[in-house]
Amino acid sequence: MDTKDIIKPENLVYAKPALMNDNPMHYCPGCSHGVIHKLAAEVIEEMGMEEKTIGVAPVGCAVFAYNYIDIDWQEAAHGRAPAIATAIKRLMPDKMVFTYQGDGDLAAIGTAETIHACNRGENIVIIFVNNAIYGMTGGQMAPTTLQGMKTATCPHGRTPELNGYPLKISNLLERLEGTCYVTRQSVHTAAAVKKAKKALRKAFENSMAGKGASVVEFVSTCASGWKMTPDQANKWMVENMFPEYPLGDLKDV
Amino acid sequence: MAEEIKLMKGNEAIAHAAIRYGCDGYFGYPITPQSEIMETLMALAPWKTTGMVVLQAESEVAAINMVYGGAGCGKTVMTSSSSPGVSLKQEGMSYIAGAELPALIVNVMRGGPGLGTIQPSQADYFQTVKGGGHGDYRVITLAPASVQEMADFVKDGFDLAFKYNNPVMILADGIIGQMMEKVVLPPFQPRKTMEEIKERSPWASVGKPKDRKRNVVTSLELDPAEMERNNIRFQKKYREIEDKEVRFEAINCEDADYLIVAFGSSARICQKTIETAAKEGVKVGLLRPITLWPFPSKAIYELGKKMKGILVMELNAGQMIEDVKLAVECSVPVKHYGRLGGIVPDPDEVWEAMKKELEIKPDLSSSSVTDAGESISKEQLTEVISNLNQMVP
């Protein structure tokens, strides 16, 4: 028996989604972005929406998301992706439109655009990658940085006196009448990846059903920014990030 | 079909013209003195007729980024604002220029800096024609001097935006926005279909079919060699626009001894000034730049050679005068007269200033009557200013 006999449709449990191209990714080892990209590509493909999907890339580590998923994209100014997605979806309601944003992009500079796109009930999906740090610019404090956590701009650890509190923006968005689905997921284990994919599928389906805005937050790692190995980062996330940002659906209507 | 002549404000004319042009989307945020643009659109509810989207955004920043998103889909989209709001749009305009997207932006200028006043001004000339946002880019700028041009420049602006895949600004001021005049509205034309859009803008992000590469609307390019090539391409386009798209109006310039250069409402005021000058025996011509960028430098250079002096009249402290001085290459004295912060001079005040600045001696023996076209009357100005006085920022 050789590999040809083993690789049969009924035995196939894992494949690269056709929408993911062969461009080498710029993400660091252990980064969550690669897995989340793959999930988005799989869901778009499985829904048969490849030719109807438009992604809006952020400023941050995922700025080059458009290099990896083979669909039409727009690259947004920092924080403005939900405003751009709003226009795309309103002008072409039959398209499937999503933004892909990090914590600085979505919960700091783009807070107004995020809240108002959600509050208007735009029929878009917001993929929100929360790793509690600015990765692209070299590990500065994010709105979601944990208390006591050290970054390049809070080298002695984040304190409420100086920096306020970690912003649980998904909890804010859950309160808005325009959101239909707000969930917190992660991709650190095979089981978590499976759950996250289901959540993402539901969000995309909601957007095409005209139910309003769906937000899928991914509590994620940034091994480089956190100055850890990928394995340490996963453990640190479970021990420190999950208590602050508990996983699960915050809203599902 | 008989012409449809209506009486309306410049701001209202913009709204009507946008719907009639087949505009796909307007995204705005209220600010005096241009809120009538969005108010008129909302009242006309074009989503029920042409299918045009009209959306009140949460900020000028969001509105210009909605324009980016819509333009990135090849749609015909626009926004409007007034000076402080246009400052907020500058980031988005830089991105629109960098991604080479077609878009129309209207600025109905008010007095600044800062929150300033809601009365008319032309103090955003530098911001508009010299940059405003970051990077080496240019915005094609049309300066209307009448309600008719407010309507006409919507079509011209969109046509230029799509011809060059570049942002176009209609740079009006509070007088032109608020003043009521007769206007012939353009005929209705249908919105572009998706097929027409794909044909016109093959780069647009409209969903990727299997048989083409993905379209990515972006201004990002980290490779400096590639980014330089992009910039060289932009500059080549800008030189082409400077060659082909200059527009101006010359009134009574043929045998004039002196020249006034003024744009927008200032030009309308100066039409009366040159009539007054003629009565005092002085032949004054008026050169009204219609495109502020590209600037009519060659026309001003040629005219300047025949003149004894040039007055640049602007509702600011002296901005366009720099381009006039560059154009005439020191061949003739160039002086400035302006009022600031929302004050509008009357035609006689401009004439008195011109005589003083350029040391002009009236010669009543050669007094003549000339017709320089329809100026803005004192009554119209008083009405605009008193209306604005009743508004809040």
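In this predicted model, the domain assignment divides chain B into domain 1, spanning 5-188, and domain 2, spanning 249-389. A distance of 26 Å separates the C-alpha centres of domain 1 and domain 2 of chain B. Between these two domains of chain B, 30 residues of domain 1 are in contact with 27 residues of domain 2. On the domain 1 side, at least two residues each are supplied by helix H5 (125-129), strand E6 (140-142), strand E7 (167-173) and helix H7 (174-178) of chain B. Sorted by class, this side of domain 1 of chain B holds 18 nonpolar, 10 polar and two charged residues.

We can turn next to the meeting of the two chains. Here 28 residues of chain A are in contact with 31 residues of chain B. Four elements of chain A, namely strand E1 (53-57), strand E2 (72-75), helix H3 (81-91) and helix H5 (111-119), each contribute at least two residues to the side that touches chain B. Of these, H3(A) gives the largest share of that side, with eight residues. The class make-up of the side of chain A that touches chain B is 15 nonpolar, four polar and nine charged residues.

Strand pairing also links the chains. E2(A) pairs with strand E9 (residues 216-217) of chain B in the parallel sense, over two bridges. Within this pairing, A:Gln74 has B:Val217 of E9(B) as its bridge partner.

Technical notes. Residues numbered from 1 in each chain as written. Chains lettered and ligands numbered in written order. Predicted model: local features only at pLDDT ≥ 70, side-chain atom pairs only at ≥ 80, totals over all residues. Domains from an automatic or database assignment. Contact = placed C-beta atoms within 7 Å. Nonpolar A, V, L, I, M, F, W, Y, C, P; charged D, E, K, R; others polar. Pairing = 2+ DSSP bridges.
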